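Open the model in your viewer and keep the selection tool at hand. The stops below say what to select next and what is there.

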Amino acid sequence: MSGTRPAWQPKPTPPVQALKGVVLVVVVLLVLAPLLVVVSTSLAGTDEVIAKGGWVVWPDHITFAAYRQVLSGGVVTRATAVSVFVTVVG
């Protein structure tokens, strides 16, 4: 019974179904495009990010230097440990 429609609700026509599909694809692209830029920029080197104005869609050379720098500082590690502790205890 979960897949049935009420009697007063007609099945969408093929053009309406196609329009819904197009809208869904556009929304997914609008969500994934910024995510791709953020991840790609984080994987690019500092010089490349500066040369491209802060936005890198596809890095020339992938580097994890930004992740090493953030995770080696101790602040993120401590904050993660506190969050895990609060989650486990709570």
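Select valine 39 and serine 42: the backbone oxygen of valine 39 lies 2.7 Å from a polar atom of the serine 42 side chain. Serine 42 belongs to helix 1, which covers residues 14-43. Helices here are DSSP runs of H or I with at least four residues, numbered from the N terminus.

This is a predicted model, in which local features need pLDDT of at least 70 and side-chain atom pairs count only at pLDDT 80 or more, while totals for chains, interfaces and linings use all residues. Residues are numbered from 1 along each chain as its sequence is written, and side-chain values use heavy atoms, with hydrogens and water left out.

The structure holds 1 aromatic pair. The ring centres of phenylalanine 64 and tyrosine 67 are 6.5 Å apart and their planes stand at 50°, so the pair is tilted. Rings of Phe, Tyr and Trp (its six-membered ring) pair if their centres lie within 6.5 Å; planes under 30 degrees apart count as stacked, over 60 as edge-to-face and the rest as tilted.

Phenylalanine 64 is partly exposed, at 49% relative accessible area, and tyrosine 67 is partly exposed at 36%. Buried means under 20% relative accessible area, exposed over 50%, and partly exposed in between (1.4 Å probe, protein chains only).

Return to helix 1 and select serine 40. Is serine 40 buried or exposed? Serine 40 counts as buried because its relative accessibility is 5%. Leaving aside neighbours within four places in sequence, serine 40 is in contact with Val56, Val57, Trp58 and Pro59.

Next, select leucine 35, also found in helix 1. Leucine 35 is partly exposed, with a relative accessible area of 49%.

The last stop is threonine 77, in helix 4 (residues 75-89). Threonine 77 is partly exposed at 45% relative accessibility.

Terms used:
Helices (H or I, at least four residues) and strands (E, at least two) are DSSP runs, numbered from the N terminus. A polar contact is a pair of N or O atoms within 3.5 Å; within protein, one must be able to donate a hydrogen and the other to accept it, and residues adjacent in sequence count only if both atoms are side-chain atoms. Contact means heavy atoms within 4.5 Å.
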